[in-house]
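Hello,

Here is the structure I promised to pass on. Please open it first, then read my notes below.

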Amino acid sequence: MPGFELIDMQELEEIREIFDNGGVLFRHSFDDLRHGIYKVRTFEQAFAQKVGAKYALAVTSGTAALRVALATLGIGAGDEVITQSFTFVATVEAIIESRARPVVTEIDETLNMDPADLAAKITHRTRAIIPVHMLGVPARMDEIKRVAEERHIPVIEDTAWGCGGKYRGRSLGTLGALGTYSFDYAKAMTTGEGGMVVTSDTSLYQRAAAYHDHGHENNPAVPRWEDTRSGSGFNYRMSELQGAVGLAQLRKLERVLAAQRGHKKVLRDVISTIPGISFRQIPDGSEEAADALIFHVVDHVSARRVRDALVTAGVGTKILPEAIIWHFAGTWTHMPELVNSCGPDLSVAFPRSKDLLGRSVAIPVTVKMASDLPEKIKKSVQSVL
Ligand SMILES: *Cc1c(COP(=O)(O)O)cnc(C)c1O
């Protein structure tokens, strides 16, 4: 959960440096006013280095990052883009906003994209695949990439919940053509609102950078007002204020991850002996971002009861089961494009996902965990099962 737990004077110091040096809040230009301070640019370089990508492009949100990634691949009307049933609405919103048709797969026991259902849902119109590392657990990227590569379809990793996690030694977000991250207030790093797109492909980076900046190519041979362009775009630029906060937050990421991984293990150990519980499957080779601990109970009624007991004890749950309507495509009847594509009755469109999610409970993992929390959780869960 967590970046926000560690916000302190370091973020303020980064911002103060902007104001001590001309107060330029725009990422480009004003070179003689800003005394060499370029917070967004510096944040991008540090982030790219951190995850091991050649390029990082800061944007206004994780949703914007997905939109930019889709535009970068040239996705538009008539194209199909495949994602998974368990994700935040934003993933499907970005596909719809790109005028493409959203196609949604079932999840498997990892609670991420089921590679077999992915293979079954590919058509000659499929132009991109967006697996999501939901709540900090990597999707089965080996299998997903095999399906994608056989058919030459690019992969965009929605790494909103996976920032800092790894799969077979590589940072989540760097395994496909493009990776996207969110720095909203609930994520492992936060800039209030913000996001990042990463890639190691120079031409994809150039297209992404131009698209997110009205088509500006930032051609060094001409001033910005005479800038060259080769395509239309939009404005998803990050401001210097967000870039400054991002720099301070990035320095804390390892601390966030280490604390969450440790706390997640403690929580898992304390409830693992309770009969009737099983845990979400973690793919081999995963280093989790450890945003949440997810376990399964026998049915939906028990999941709600566990949630009620946890709330009564002063402990919250995270997304499952209480916020399922924002995170399961089977409930998104408010999206006509999705209903057209996967419906007409979304409630029966993803039976396996519905069964798995319906009997899942997610406990938030935090950096500053109270010492009596594991015992409280154990007692609450035990009282129901
Ligand atoms: C948070 C989130 C997003 C969107 O990020 P914002 O920064 O809130 O726009 C996209 N996908 C997933 C899976 C998310 O959890």
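Predicted model: local features only at pLDDT ≥ 70, side-chain atom pairs only at ≥ 80, totals over all residues.

Start at Pro321, in the loop that runs between α9 (300-312) and α10 (336-342).

Pro344 sits in the loop between α10 and α11 (351-358).

Arg99 also deserves a look. Its phi is positive, about 70°, although Arg99 is not a glycine. Find Arg99 in the loop between α4 and β3. As background, most residues other than glycine have a negative phi, and most peptide bonds are trans.

Now the overall picture. The protein has 12 helices and 13 strands. Its C-alpha atoms fill a box of roughly 70 × 50 × 35 Å along the principal axes. Does the radius of gyration agree or disagree with that of a compact globule? It agrees: a compact globule of 385 residues would have a value near 21 Å, and the protein has 21 Å.

Domain 1 covers 3-250, and domain 2 covers 254-384. Their centres, taken over C-alpha atoms, are 25 Å apart.

How many residues are in contact across the two domains? On the domain 1 side there are 41, and they touch 46 residues of domain 2. The area buried between the domains is about 3,800 Å². Carbon and sulfur atoms give 60% of that area. Within domain 1, the residues that lose the most area to domain 2 are Glu5, Leu6 and Leu135. Together these three make up 17% of what the domain 1 side buries.

Polar links cross the boundary too. Between domain 1 and domain 2 there are 21 residue pairs in polar contact, counting pairs with both residues at pLDDT 80 or more. Which elements give two or more residues to the side of domain 1 that touches domain 2? They are α4 (89-97), β3 (101-105) and β6 (166-167). Of these, β3 gives the most, with five residues. By class, this side of domain 1 has 20 nonpolar, nine polar and 12 charged residues.

Salt bridges come next. Side chains of opposite charge can pair when their charged atoms come close. The count for the protein is 24 salt bridges. Between domain 1 and domain 2 the count is three. Look at Glu109 and Arg352, which form a salt bridge with their closest N and O atoms 3.9 Å apart.

Another salt bridge joins Glu13 to Arg16, where the closest N and O atoms are 3.3 Å apart. Both residues lie in helix α1 (residues 9-19). They are three residues apart, about one turn of the helix.

What does Ile15 touch, leaving aside its neighbours within four places in sequence? Its contacts are Leu241, Ala244 and Val245.

Best wishes

Key. Residues numbered from 1 in each chain as written. Heavy atoms only, no water. Domains from an automatic or database assignment. Contact = heavy atoms within 4.5 Å. Buried area = accessible area lost by both parts, 1.4 Å probe. Salt bridge = Lys/Arg side-chain N within 4 Å of Asp/Glu carboxyl O. Polar contact = N/O pair within 3.5 Å; in protein donor to acceptor, adjacent residues only side chain to side chain. Helix = DSSP H or I, 4+ residues; strand = E, 2+ residues; numbered from the N terminus. Nonpolar A, V, L, I, M, F, W, Y, C, P; charged D, E, K, R; others polar. Rg over C-alpha atoms; globule rule 2.2 N^0.38 Å.
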